[in-house]
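Work through these exercises with the structure open beside you. Try each task before reading its solution.

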Amino acid sequence: MAGVRVEGLLKKFGNVTALDHVSLEFEDGQLTVLVGPSGCGKTTLLRIIAGLEDATGGSVFIGHEAVNQVPPWERNIAMVFQSYALYPHMTVFDNIAFPLRARKISKAEVKQRVEQTAALLGLSELLQRKPRQLSGGQMQRVALGRAIVRKPEVFLMDEPLSNLDAKLRVEMRAELKRLQKDLGVTTIYVTHDQAEAMTMADKLVVMRGGVIQQMGEPEEVYSHPRNTFVGGFIGSPAMNFIRCSVDCAEAELHAPDFQCKAPSRFVEALRRRGKDSVILGVRPEDLKVLASFEEGAVPATVYISEPMGKEMLLTVEVGGALAKAITPTNVRPRIGETVWLTFDEACVHLFDSETDEALPTE
Amino acid sequence: MKIRLREPTIAFLFLLPAFIGVIVFYYYQIVQTGIYSLHNLQHTADWQTQPFVWFKNYATVFRSTYFWQSLRFTVYFTFMATVLELAVGLGMAMATFWVSRWLGGILRAIIIMPWVIPPIINAMIWRWLFHADVGLFGYILVSLGLVDKPPLFLTEPMLAVHSVIFADVWKNSSIMAIFLLGGLAAIPADIYDAAKVDGARSWFRFRKVTLPMLLPTILVALLFRGIDALRTFDLIYGLTGGGPGTVTETLSSFAYKYYFTYGKFGLGSAYAIVVFAIIVGLAAVYLSRIRRNMRFKE
């Protein structure tokens, strides 16, 4: 086992900077998820760690060894691709055996280890099939088998579940996480799906434009997003943002349609900052929807409601912008109806309106 | 007035011109050649006025030692040329595929060049290069001190046979390379990446991934080149004229001689039909054999 460390990684494709001096430590035995929108550099980072791409600058360490000059076939890593990248001309057995054969491991041991791996992944019945005779889920398992069969120091996974249908994806997510815990191999997992990222990660790394936006435990990132991008990207539906002006004397925030007390933990920061505007962020699950007026509630017009089974996703118009709220299904407002919104000040996030950075709390 | 037609009918009407073209320009000739081959036909006469001789022409063909000799040479030539073209073409394709895009473009243009040259011009160029008195090859070999006097490339039987093969390989390796480049491009990049991460070094990747995945393309390319080589005529006509003696005579060049040198249309037609049958037969056997290997491409 070994951790992975990257230092000051820079990657340019012509004029485009894919990675901008990224430094990051992937701890030994942990599952670290790199998440971000497409083009954020997460796959590039993974490919550089794999050795499939050369960095323009900076270094990669696996364990304590700098591997910049080490070709992929000599790095002790395994990778799972979004397309699975199974060898179409080989049987499942040969696919899983490939990494062992490439390392000239004895026939008997190859057979034993492939069968062991196949049993672990429930592939024993399929060993003589060709990839084209497998379902998406089965191909996914073969790709995993090929990765784990030779006991690598590091697993790299590039959107491994993206080609599966929604139901299977949720199933495989749990299985993959369990497998990683059982094997205890350092894993770097790339996805653009924030739900997958939240559920699987020991440590979450949010990236945008080749720059790390925030890293930490998923709960930490979720409850204390460092900027509006992270706040909006992690959590689904996305966080609601509204620009407010600040009344420092009264410690109040004024939105176009309503005003509210600034949460006390931010008052000091607001004063010190002395700027007159701020971005208020509230998660849909923290918005409470009321049928009638209460003290401090904000009026809103129902735009559309989407029942989701155990709860309802409500889109409302507040101050000319759309906001989303998750409500219990017993509230069933019609389109155009007026509802009242409240939120607990403890759940409020404030961000600087110029830098988009979260304001410090006391 | 509006005419309403069902879709299959419309499809048929669209296909009809091409269909007629194929019948008129391909099948009519084959049938006509078949009919000629059953007559004792001289080039000046109308076939309808000539004696019908059943399969006598075919018997003549099969009894002729020239036929068997040219068949042997044609098969040897086809085998050697195709195998060498595959090897050279594969090398060129791999070299072109793995360099930068910019350099790859230039290499592709260079590679395609020999194939663009008209076959008969190609034959003439090689005839000059191989020429015993003024040829470049002889001159180089003598200058290097490897031989005392220029070898008789086109008049020494063994040398002539292999000079012909050499010229064909030079010209047709390029089309093989272009074929294989297409096949290489069809292999997903992920597969190579997976193989690299799986620990496969370049030779192992080539043997276990590239080559097997290229196999369907290779098999089709071999079929195309093989059929072409079996029919080779212009290279022989321009380079050796079948000589020395009849050593480099191919089936096609022999058929040509019977037609246009000896004016025996009946016998020449029988020759042509035999060549045709041999090629169709070989192609059919080959196709039925390789079908299994084509499957994973589906």
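**Exercise 1. Chain A as a whole**

How many residues does chain A have, and what percentage of them count as buried? Then describe the chain's make-up and extent.

Solution. Note first that this is a predicted model.
- Step 1. Chain A has 362 residues, and 51% of them count as buried.
- Step 2. Turn to the elements: chain A holds nine helices and 20 strands.
- Step 3. Now the extent. The C-alpha trace of chain A spans about 75 × 45 × 35 Å along its principal axes.
- Step 4. Look at the contacts in chain A between residues at least 6 apart in sequence. Of these, 66% join residues at least 24 apart.

**Exercise 2. An enclosed strand**

Why is strand β7 (residues 154-158) of chain A described as largely enclosed? Identify its partners too.

Solution. 
- Step 1. Count the buried residues. Five of the five residues of β7(A) are buried, so the strand is largely enclosed by the rest of the structure.
- Step 2. Apply it here. A:Val154, A:Leu156 and A:Asp158 point one way from β7(A), while A:Phe155 and A:Met157 point the other way. All are buried.
- Step 3. Take one partner. Strand β6 (residues 77-80) of chain A runs parallel to β7(A), and four bridges join them. A:Met79 has A:Leu156 in β7(A) as its bridge partner.
- Step 4. Take another partner. β7(A) pairs with strand β8 (residues 186-191) of chain A in the parallel sense, over five bridges. A:Val154 stands opposite A:Thr186 in β8(A).

**Exercise 3. Two residues of chain A**

Are A:Phe155 and A:Thr228 buried or exposed?

Solution. 
- Step 1. Use the cut-off: buried means under 20% relative accessible area.
- Step 2. A:Phe155 is at 3% relative accessibility, so A:Phe155 counts as buried.
- Step 3. The contacts of A:Phe155 beyond four places in sequence are A:Ala78, A:Ala147, A:Ile148, A:Leu183, A:Val185, A:Thr186, A:Thr187 and A:Ile188.
- Step 4. A:Thr228 lies in helix α8 (residues 228-233) of chain A. A:Thr228 has a relative accessible area of 13%, so A:Thr228 is buried.
- Step 5. Beyond four places in sequence, A:Thr228 is in contact with A:Phe241, A:Ile279, A:Phe351 and A:Asp356.

**Exercise 4. Where chain B meets chain A**

How many residues of chain B are in contact with chain A? Describe the area, the polar links and the elements involved.

Solution. 
- Step 1. In all, 19 residues of chain B are in contact with 25 residues of chain A.
- Step 2. The area buried between the chains is about 2000 Å², and carbon and sulfur atoms give 64% of it.
- Step 3. Three salt bridges are counted between chain B and chain A. One of them joins the side chains of A:Glu74 and B:Arg201 (3.3 Å, N to O).
- Step 4. Between the two chains, 10 residue pairs are in polar contact.
- Step 5. On the side of chain B that touches chain A, α8 (189-197) and α9 (202-230) of chain B each give two or more residues. α8(B) gives the most, with seven residues.
- Step 6. Sort that side of chain B by residue type: 10 are nonpolar, one is polar and eight are charged.
- Step 7. Finish with α8(B). Its buried residues are B:Ile191, B:Tyr192, B:Asp193, B:Ala194, B:Ala195 and B:Val197. B:Gly199 follows α8(B) and has a positive phi, near 100 degrees.

Methods: Residues numbered from 1 in each chain as written. Chains lettered and ligands numbered in written order. Predicted model: local features only at pLDDT ≥ 70, side-chain atom pairs only at ≥ 80, totals over all residues. Heavy atoms only, no water. Contact = heavy atoms within 4.5 Å. Buried area = accessible area lost by both parts, 1.4 Å probe. Salt bridge = Lys/Arg side-chain N within 4 Å of Asp/Glu carboxyl O. Polar contact = N/O pair within 3.5 Å; in protein donor to acceptor, adjacent residues only side chain to side chain. Nonpolar A, V, L, I, M, F, W, Y, C, P; charged D, E, K, R; others polar. Buried < 20%, exposed > 50% of the residue type's maximum accessible area, 1.4 Å probe, protein only. Pairing = 2+ DSSP bridges.
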